[in-house]
Amino acid sequence: MASISSLVEEQMRTIIVGVADYKISTDPLTYIATYALGSCLGITFYDEKRRIGALLHAMLPTANLHAGQKIREPMFLDSGIPRVLSSMVRAGAKKGDIRCKVFGGAQLMATDNFFRIGSKNIDMFYKLSQEMDLDVVAWEVSGRVNRTIRLVNHSGDVIVKVPSKPEFIR
Amino acid sequence: MKSAADFQTVVEMTRSIPCAPAILPKLLKLTEGSSAELSELEMLISLDTGLATNVLRTANSAYFASAQRCDNIADAVLRLGSKTLYRIAATTLTGRWLVHPVRGYGWEPGDLCRHSLCVAICAEAFAKTTHLADAATAYTAGLIHDLGKFALAYANFSALDEIASRVPDEFASWREAELAVLGYDSAQVTKALLENWGFPAPFISVGFYYHAPSEAPEADRAIVTLIHAAKHVATQLGYGVGVDGFYCDPDEAALKAAGFKEAEMDAAIPEILTTIQKFISPEGEINFI
């Protein structure tokens, strides 16, 4: 006889989030996944009471460099995070009940002048999380690994996969 | 895998992979030539069913199509022009080769193809702004820059696991670990493959020196530095990056000498990403055209 967890597993569907995009689900039987974060940040947002989850895959820290241009808000942390939060509230979540987990921000070998998107993203997320009073319950950032993540929308767990290593849960 | 003979084995094994991009150098030469060579170009494309199909499909796509449907290669060659033809050929031929399932580097199927495509698109974008190389040449150089890693993975060496286990504790960079464990590195394999296929010297320099453009011959240093920059930006984007990806050393001296600036590279990323997303879906599927 199949276990409850395997029955749940069979019913789960997966929503994929591309780079510079976000997705929300109010269906507990959903995974929200994004591949290969690299130096980008993947941020999960989860309202446990209402089982509403979201995942943002942001590439760059700030939209300031592109002032006056038409931008894709989820591409940047400072425009993407407010967008996700307001969409979650519209979907029924309560801001005070949302918890965040943050992943990615991989960094190349030490350099003072080039290719620092990973560290800039992490710094910007830290700043924004303070300013916006985000409840950040897990940090799995930096290092030299390319992370793929999957938010389990009935628990808020995040399944993390890196090349050549077994999956683990945060 | 420690002797020089093993290096030859890797190169020889790679010869047996179907769809090698061996006709690319000839196509490159023809697409640089005059209209008198169009018939030869048409014949070369017609010899490869997959390539001919992609050329016809593109000629009839919404972007290129006119009132009249294009149903033969000769018309398609005229409609698309040599630059577009070359881009299609390079992507189709290299991409088809790179999607063979291989083990190693923690890659998922098609990962090296995804990453190489991103390097190619970054290289093309930087070529247009820096003028360090012709955009079509930069695109192709991006596609082929790391073929040696594919060859090593195709050879299915357990040595790749040993390299992964010794980085970063014993060796700071992946290349140092390759040299210590294998006795040679993937750049040497790339160079041997490109030489075997008759690629022009700048491509061979890209394959061999892209890790350290300061060491490249002066004549090729500009394009090698361009690919070095494109490689690092593409790595940050994450597409297809394996366990080796973040263990490479930026050559700041070469980047500065070539005029690269971090803010300008970062500012180019949104447009680069939009181009990449035309080729790679959120699910990771690759669309060559």
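Into which domains is chain B divided?

## Domains of chain B

Chain B is divided into domain 1, which covers 1–16 + 101–283, and domain 2, which covers 18–99, with bounds that come from an automatic or database domain assignment. This is a predicted model, in which local features need pLDDT of at least 70 and side-chain atom pairs count only at pLDDT 80 or more, while totals for chains, interfaces and linings use all residues. Residues are numbered from 1 along each chain as its sequence is written, and chains are lettered from A and ligands numbered from 1 in the order in which they are written.

The C-alpha centres of domain 1 of chain B and domain 2 of chain B are 25 Å apart, and 15 residues of domain 1 of chain B are in contact with 14 residues of domain 2 of chain B, where contact requires that the C-beta atoms of two residues, placed from the backbone, lie within 7 Å. On the side of domain 1 of chain B that touches domain 2 of chain B, the elements giving two or more residues are α6 (111–130) and α7 (135–144) of chain B, and α7(B) provides the largest share, 5 residues. Helices here are DSSP runs of H or I with at least four residues, strands are runs of E with at least two, and both are numbered from the N terminus. By class, this side of domain 1 of chain B has 11 nonpolar, 4 polar and no charged residues; Ala, Val, Leu, Ile, Met, Phe, Trp, Tyr, Cys and Pro count as nonpolar, Asp, Glu, Lys and Arg as charged, and the others, Gly among them, as polar.

## Confidence

The predictor gives the complex an ipTM of 0.92 and a pTM of 0.88. For chain B the mean pLDDT, the predictor's confidence in each residue from 0 to 100, is 84, and 92% of the residues of chain B reach 70 or more. Within chain B, confidence is lowest in helix α1 (residues 4–15), at a mean of 70, and highest in α13(B), at 97. Over residues 1–5 of chain B pLDDT stays under 50, and for these residues the model has 8 contacts beyond four places in sequence.

## The contact between the chains

The contact takes 31 residues from chain A and 32 residues from chain B. On the side of chain B that touches chain A, α13 (221–237), α14 (252–257) and α15 (262–279) of chain B each supply at least two residues, and α15(B) gives the most, with 7 residues. That side of chain B has 16 nonpolar, 11 polar and 5 charged residues.

## A buried glutamate in chain B

B:E42 lies in helix α3 (residues 38–46) of chain B. Because B:E42 has 20 C-beta neighbours inside 10 Å, it counts as buried; the term applies if 20 or more other C-beta atoms lie within 10 Å of a residue's own, whereas exposed means 12 or fewer and partly exposed lies in between, with C-beta atoms placed from the backbone. Apart from its neighbours within four places in sequence, B:E42 is in contact with B:I73, B:A74 and B:V77.

Buried residues make up 46% of the 170 residues in chain A.

In chain A, 5 strands form an open sheet with mixed pairing, in the order β1-β3-β8-β9-β10, where two strands pair if DSSP finds at least two bridges between them. At the edges stand β1 (13–16) and β10 (168–169) of chain A, each with a single partner strand, so one side of each is left without a neighbour in the sheet.

Strand β8 (residues 148–152) of chain A is largely enclosed by the rest of the structure, because 5 of its 5 residues are buried. A:T148, A:R150 and A:V152 point one way from β8(A), and A:I149 and A:L151 the other way. Strand β3 (residues 30–34) of chain A pairs with β8(A) in the antiparallel sense over 4 bridges, with A:R150 as the bridge partner of A:A33. β8(A) and β9(A) also pair in the antiparallel sense over 4 bridges, and the bridge partner of A:I149 in β9(A) is A:V160. The hairpin of β8(A) and β9(A) has 5 residues between the strands, and A:G156 takes a positive phi near 85° there.
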